[in-house]
Amino acid sequence: MSDSPAPVPRRKLIEVALPLETINRESAREKSIRHGHPSTLHLWWARRPLAAARAVLFAQLVDDPSSHPDKFPTEEDQARERKRLHALIEELVVWENAGNEKLLKAAHEEILKSTDGNPPPILDPFAGGGTIPLEAQRLGLEAHASDLNPVAVLINKALIEIPPKFAGQPPVHPDAPKSDHWPRATGLAEDVRRYGQWMRDEAEKRIGHLYPKVKLGDGTDATVIAWIWTRTVTCPNPACGIRMPLVRSWWLGKRKGREAYVVPRVVDGKVQFTIGRNIKCGPGKDEDGTVSRTGAICVGCGAAVNREHIKHEGVAGRLGVQLMATVAEHRRSRVYLEPSEAQEDLAMVTRPDEVPSQEMAYDPRNIWVPPYGLTSFADLFSSRQLTMLCTFSDLVSEVRERIAIDGQGAGKTISSGVSSEEYAVAVSTYLGLCASKMAVFHCTLARWRADADKSAPAFGRQAIAMTWDYAEVTPFSGAGGDWSGVVQGAADAIAKNAGHGRGAVKHSSAQAASFSGVLSTDPPYYDNIEYANLSDFSYVWLRRSLKSLYPDLLATMLTPKSDELVANPYRHGGPDSARAFFESGFREVFSRVRDEANTAFPMTVYYAFKQSESDVMGEASKGWETLLHGMIRSGWAVTSTWPLRTEMATRMVGRNTNALASSIVLSLRPRSHDASIIDRRGFVANLHRDLPDALRKLQQGAIAPVDLPQAAIGPGMATYSQYAQVLEDDGSSMTVRDALARINEVLDEVLAEQEGDFDTDTRFAIAWFRQHGFDAGDFGSADSLARARNSSVQRLARLGILRSGGGSVQLLRPDELSETFEPGPHDTVTAWEFVLRLAHAVTTEGIPGMAKVMAYADRVGNADTAKELGFLLFSIAEDRKLTEVAVMFNALVTAWNEAATQVQLAPAGPLQAAFDFDTES
């Protein structure tokens, strides 16, 4: 009796089609959301958007309708069901629906149907900021997160492990509202708020005198929002020798009618600062500040001082500070006051003893302050800031004792099997994260934003960057950096994001993780972000606050680095060794995943594009190629690639760069152990076989033209990676870069072949547009081109496609077409004119205007052909670097599905008289 063949795994939705434009739109919109977003809990870098992770996980587990030919026998049936599932995803990714229990239940039921009622646990071994495990839990799935970095582990514990333990738990604080209804983790969130308020009150008792109010000119008191300081060095000019200020910008406020700026002047060998308010006298661009890339200018003598002198002074401990201005709150607006000696003296407190004095790691790519003498983490804070941060840090231990006592009080019920001490640890964990988060607001890396009249925290970029003038904010002011605001953000994140599934978090490197679930992960991107080095900034404060609660997790002085899977040349002895370390570790992780994978589901892996390089073969991304190469060598076959954009800007990205503004998510399945070998010719032939149908499905879905080339890499790489090897003519293995080049070539060919679907007049317009865009060209060339396509320039002019005269021919731009467009059933309308009118309508009247024009099209056949033309014209415009035109066609195709929906929902009327494109002239 022979063994029966292994069942063929069902294709999942992510391997066929996604409503990508909606996912991208909501991912971009999410960046402006703060209230309740988990990013408000604590700092982490390069978080994946929640919307994208939610959609990817759903599509990773839910079957594509083509997997069930018994239920959906025809392509039309499958398309209809796919559209229903896409509609569910489009609802699911909206931020306001993140807590919609009815919708989440519907999504979970779809997952149950596709997993035979037994959904697998989701595992992320590079959990980072916790987006993927959090969204798995939100969908009712069991979530497992692990990370080598203790900061990431604590964030994940706070997001997915702690809240489910206390679901429905009422708060234990004596003053909390009396209620029997505390859904999800709202009771836990309430205690974080209440005990956070106690910490604030205690801190103000102890250090409130360091943050007094200021007197205004009318004698009233005003709350200080921030003090604006500048770093100083001694001018090297012997004839001057002043403490010269190092200022990025003199501007304090730029809001109309409330402009203010610092005016420096030298009096008796000292720099004094006053406040200017006459905008006509304010500093211009060339005279704003004293610091440049090369050095600084002395405000006293005008001497140019190079960076080496500033660094030398800093290393010698002579980098000073001077107060430039005080910012106060008065009648709900900012008031800028001149500095005073009393205010400056108030900040010169004695530095606390137990400060985080650990040395910063050396990495000039993202840690830029050590050359200026700022070598320990304590050097990044003023004495007053250290005093404040140490006070809140100490209060974390004190508040834990109060919570434990209150939890044991009469009438208080802690969740089953959990002691009051464990609950106290849970609440204290959040408050410790809050104390750590305060450091990004209260350090000398924070700056003042004159355009917004507010402070900006550290880490505006993924680096510990030098800041010359900085904002020291007040922790009790109610403005940016206020303790109560930080606590409220944490409490909102707890209440808004608590999921239903079980969550487990481990402190482990990916190389040592267990892979007994279905993987969805966001691994490090080669050498783009040095998570360990950067997170030390937060780790030193978390360790100070929470080491007694997590002694093993926070045992080391700094975060573990030797096993961090990034290509850091400063850690591994040069770029070649760093690359070898990364590739070896990457293959080790994903080879193990491949051996332990649940073959019923694809794995999903995110990759962010941050770097490109050029060589004789063109432009490419080393990290992207390394990722693909590593996956394929680890035994994986790519089944799809989807571009995820969190920037909705109109910048177009070249097809052959394989680069995007944000990131890619890949779905992959284990390649068969007995996969065959194929030669180059066979591979290219299979591309020609596979890509046209895949491309047409992509075009018919909700995907923007700018995303099409990257999405097309999915089916192309699926063809490449199904083979154990693709052999070149000389017997060598085809590289990933060569495979990507062949995929792009075939993609261009397929797009060109689609021209045969269009009417003859449209084919002329495409060819002319490819040569001339909307510029004029020679009449003779146009006449020959038109006759070759069985048309004529005269006919094309009568149809309103072009103008001809004076020996030249020019295609009419969309805004030059005749204003009226109400064709009758027998009127000749080319696909070209139809698409240009749609493009003009969507750019001038939006989707409703586009829907009015679209109502004239046959919405089953020719509408799809017109949509293909939109993709093609985008491609041509991008190749010709006609950015404005490319943006127009991208917008057209992006809005297509929504406009078509409006047409279908509109009542029948004369605008919906269907007609056929004239395909025979």
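**Buried, exposed and paired: how the terms apply**

Q: Why is Phe 459 called buried?
A: Phe 459 has a relative accessible area of 15%, and buried means under 20%, exposed over 50% and partly exposed in between, with a 1.4 Å probe and protein chains only; therefore Phe 459 counts as buried.

A word on the source: this is a predicted model, in which local features need pLDDT of at least 70, side-chain atom pairs count only at pLDDT 80 or more, and totals for chains, interfaces and linings use all residues. Residues are numbered from 1 along each chain as its sequence is written, and side-chain values use heavy atoms, with hydrogens and water left out.

Q: Where is Phe 459 placed?
A: Phe 459 sits in the loop between strand 14 (454-456) and strand 15 (469-473); helices (H or I, at least four residues) and strands (E, at least two) are DSSP runs, numbered from the N terminus.

Q: What makes Asp 116 exposed?
A: Its relative accessible area is 64%, so Asp 116 falls in the exposed class. Asp 116 belongs to the loop between helix 4 (101-114) and strand 1 (122-124).

Q: How do you know that strand 21 (residues 636-644) and strand 22 pair?
A: DSSP must find at least two bridges between two strands for them to pair. Strands 21 and 22 have eight bridges, in the antiparallel sense, so they pair. Here Thr 641 stands opposite Leu 666 in strand 22.

Q: Why is strand 22 (residues 663-670) described as largely enclosed by the rest of the structure?
A: Because seven of its eight residues are buried.
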